[in-house]
Amino acid sequence: MIQTEPLGGLHTIVTHRTNRMHQRGHDHYDTHCGNRCDLADRWAARNLITPRAFLAAARDAHTIADVAANLWATPAIVNAYIAGLPPDEWLIMTRLVGHKVV
Ligand SMILES: [Zn+2]
């Protein structure tokens, strides 16, 4: 699919916002990119996505990419958010969403 200019602009904003928060995650853990990027992503996810926002985004979506688009986040950050949830919280979240998000 050919991206139109507004979509390209939105993609740039989402990527910039995510990268900035990823870098702040590294600052938080006093690490540099290439070392513990998983921690930086989880920090970014926790600070970009609230449980309420995740629920609202996931109820209207069936894929991680759709959830990410609804949250103005990257799929990697959504995956980091999910990975950072304790299993019991993820179970509650999936029940509240009402369907599987793959
Ligand atoms: Zn990194």
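Read along the sequence, the pattern is α-α-α-α-α-α. The chain is as compact as a globular protein of its length, because its radius of gyration is 14 Å, close to the 13 Å that the globule rule gives for 102 residues (taken over C-alpha atoms; the rule is 2.2 Å times the number of residues to the power 0.38).

The model is predicted: local features need pLDDT of at least 70, side-chain atom pairs count only at pLDDT 80 or more, and totals for chains, interfaces and linings use all residues. Residues are numbered from 1 along each chain as its sequence is written.

Show the C-alpha atoms. They fill a box of roughly 40 × 40 × 20 Å along the principal axes.

Select helix 5, residues 75-84. Its buried residues are I77, V78, A80 and Y81 (buried: 20 or more other C-beta atoms within 10 Å of its own, with C-beta atoms placed from the backbone). They sit on the same side of helix 5, because they cover an arc of only 160° around the axis (the arc of the directions from the helix axis to the C-beta atoms).

Next, select helix 3 (residues 51-59) and helix 6 (residues 87-97). Their axes come within 9 Å and cross at roughly 45° (lines fitted to C-alpha atoms over the stretch in contact; angles run from 0 to 180 degrees between N-to-C directions).

F54, L55, A58 and R59 in helix 3 meet M93, L96 and V97 in helix 6 (contact: C-beta atoms, placed from the backbone, within 7 Å).

How values were computed: A residue is buried if 20 or more other C-beta atoms lie within 10 Å of its own, exposed if 12 or fewer, and partly exposed in between; C-beta atoms are placed from the backbone. Helices (H or I, at least four residues) and strands (E, at least two) are DSSP runs, numbered from the N terminus. Two residues are in contact if their C-beta atoms, placed from the backbone, lie within 7 Å.
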